[in-house]
Amino acid sequence: MKASSLTLGRVSNFLGFGFFTTLRNVFTGNLEKEDLKKFLRKVIVPLASIFLFILIWHIGAKTLFGIEAKFKIEKALEDQGQAAADALTACIASGESSCQPNTLPSPAQVWESFQSLLRDHHIISADKEAFIEKTAALNKTRIAAGKDAIVYTGRPSFVDQIFRSLQTVFAGFFLALLIAVPLGILIGLSSTLKSAFNWFIQIFKPVSPVVWYLLVFMIVKTVLIGSTEDSSFTISFISVGLCSMWATLVNTAMGVSTVDKDYINVAKVLKLGTFQKIFKVVLPSSLPLIFTGLKITLSVAWMVLIAIELLAQSPGLGLFVWEEFQNGANDSNAKIIVAMFAIGIIGFLLDRLMLTIQNWVSFDKQDAI
Amino acid sequence: MAYLELKNIYKSYGKGDSETQVLSNINLKIEEGEFVAIVGFTGSGKTTLVNLINGLLEPTSGSVLFKGEPVKGTSHERGVIFQNYSLLPWLTVEQNVIMAVKAAFPKRDKSVWKRKAAYYIEMVSLTPAINKLPKELSGGMRQRVAVARALAMKPDMIIMDEPLGALDALTRGNLQDQILNIWEKDKRTALLITNDVDEGIYMADRIIPLHPGPNATLGPEFKVDLERPRDKTEMNDSESFKTTRNAIIEYLMDIGDARKAEAKQQIILPELEPKSFVSYS
């Protein structure tokens, strides 16, 4: 029992959820004075700040709502007279959705939208299942006859969009990994290649995601000419990959070119061949830096993804945000805020995931930042 | 013919105006089976000398001959124990040693590598720590792994670059004994670089002080004619030990004094007169 809880504590510390250990101590009653201080700092303070954040948000939203409502009523009074203004005041006070001022949604509205998005997801997935069940028999005969199966083409739910975004980001991330790590190793090993690629890295590194998207679009459009497939996913994941690979490229090159001289001496004294030297000495010793690069790459990929999905019209959170913005329904703003939180929380989790992997591969076990 | 011979070695880093001379006029002969210690101050070019012998560096002029052949690059025939252990931190003790075995005997299969590695790890009594990572070991244990790794290549000569420099006195004494035991078993040729005169006398047949740089060169050699196996406590009372020790220390102290005197001479004071800022009215 003790061993297992110890590991649990370690795992949660590892993931940056150290406060769980403290929280457990609170419930199991092993609380000492030190722990109490820690509990205050690690649990109470964050909770209080979250509460404060929501409070400020609520007051801010309320104020903005007031300004917008006042403006609307005054406008109605000016344009249509007293009766219309009174009707509008009554309508706003009743909470009728058609006449609500359109502004920053309050926390309660966002929570409401979040739940409605979840409900929507349940409805859509039920719909999807029913569709698959219905078409199962038909699809069998179609496939047997050599025709394409009928697939569900309904609207994706919010949760589907999240998964779609994750797919895009991971496809882009692996593309970045496949390009940047080998290239970084080569550049790090050879100073000739380094000077050959240096201008390239320096010039392309600061290019913005939007421009990357356009560049990839130009190329992919021509490469896939004549194809009827939807290329938006391809374009967006390639753009994400190219946009985010630079951190890994630079870090890998640096890691490989700055291997501790002692390790190189060991390789020389043992007379390791070039391959052995690279795989047994150079790569393991630069792994921590490579993973630092990959961590930055993943977070950059997630950040630019939204912009690129939006441009590429590729399904995902970016497109969701854009469509909600264009939609302008009375709960659109709240849905955008829900998406914002989803993006933020997933970004945080991805970062933690990479940090965990990074800690796991780094041999000196100094806490990676 | 000497086993290892250094002929008129001159070594400098850089070129032209920025050239720094490290070693000059180094001549040394080591016979087969001999245990030679080179004693010197820190920063006197000891590591450079070691790297010339093991082949990590090349002399600017002069030649290093090993078994009569000029040294070109590193070789499995000369095992090196580095000052800072230089273990690969991501490999366990066993993997670190196996790496050397594999490098020296590439044609054998895995079970042979494992057996050989286990043998050398046992030799430095680290079998209980065989699956540990270097960071889980103490300094002395790490250096023992480095010893096992160097021996695992079955070198004809062992070159030790201040191997015990970073260890505490007790661990140091233990390791000295272990290294001597291993050396006495098959009498390989050994070269020890150290900054500790007592360690040199305890372990070596011959001690050569390194006259410190910028143009470091080897001083006169001192023979140690103490019976082996040597005993530390007995040794302290032996006349021969005392005279050798005093002679070496005197030599090194003289160098130190000369250096200080040199340093003193070089300070040229500007001719300044004290001036008072208090104005007399």
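**View 1. Strand β3 of chain B and its two parallel partners.** In β8(B), B:I193 is the bridge partner of B:I38. That pair belongs to a parallel run of five bridges between β3(B) and strand β8 (residues 189-194) of chain B. With strand β9 (residues 206-211) of chain B, β3(B) also pairs in the parallel sense, this time over four bridges, and there B:A37 has B:I207 as its bridge partner. (Strands here are DSSP runs of E with at least two residues, helices are H or I runs with at least four, and both are numbered from the N terminus; two strands pair if DSSP finds at least two bridges between them.) A word on the model: it is predicted, so local features need pLDDT of at least 70 and side-chain atom pairs count only at pLDDT 80 or more, while totals for chains, interfaces and linings use all residues. Residues are numbered from 1 along each chain as its sequence is written, and chains are lettered from A and ligands numbered from 1 in the order in which they are written.

**View 2. Both faces of β3(B).** Strand β3 (residues 35-39) of chain B is mostly covered, with five of its five residues buried. (Buried means 20 or more other C-beta atoms within 10 Å of the residue's own, exposed means 12 or fewer, and partly exposed is in between, with C-beta atoms placed from the backbone.) B:F35, B:A37 and B:V39 point one way, B:V36 and B:I38 the other way. In a regular strand, side chains alternate between the two faces of the sheet.

**View 3. An open antiparallel sheet in chain B.** Four strands line up as β2-β1-β4-β5, with antiparallel pairing. Strands β2 (20-30) and β5 (69-70) of chain B sit at the edges with a single partner strand each, so one side of each has no neighbour in the sheet. Seven bridges join strand β1 (residues 4-13) of chain B to β2(B) in the antiparallel sense, and B:L6 stands opposite B:L28 in β2(B).

**View 4. Zooming in on B:L4.** This residue sits in strand β1 of chain B. Why does B:L4 count as buried? Because B:L4 has 24 other C-beta atoms within 10 Å. Leaving aside neighbours within four places in sequence, B:L4 is in contact with B:I30, B:I53, B:F66, B:M157 and B:T189. (Contact means C-beta atoms, placed from the backbone, within 7 Å.) B:L4 and B:F66 are 62 residues apart in sequence, yet 4.5 Å apart in space, C-alpha to C-alpha.

**View 5. Helix α2 of chain B against helix α3.** α2(B) and helix α3 (residues 110-123) of chain B pack at an angle of about 115°, with axes 9 Å apart. (Axes are lines fitted to C-alpha atoms, for helices over the stretch in contact, and angles run from 0 to 180 degrees between N-to-C directions.) Among the residues that meet are B:V97 and B:V101 in α2(B), and B:W113 and B:Y120 in α3(B).

**View 6. Where chains A and B touch.** The contact takes 15 residues from chain B and 14 residues from chain A. On the chain B side, the largest share, three residues, comes from helix α2 (residues 93-104) of chain B.

**View 7. A:A301 in the largest nonpolar core.** That core has 134 residues, and A:A301 and B:V97 are among those with the most contacts inside it. (A nonpolar core is a set of buried Ala, Val, Leu, Ile, Met, Phe, Trp, Tyr and Cys residues joined through C-beta atoms within 7 Å.) Helix α12 (residues 274-312) of chain A gives the largest share, 18 residues.

Methods. Contact = placed C-beta atoms within 7 Å.
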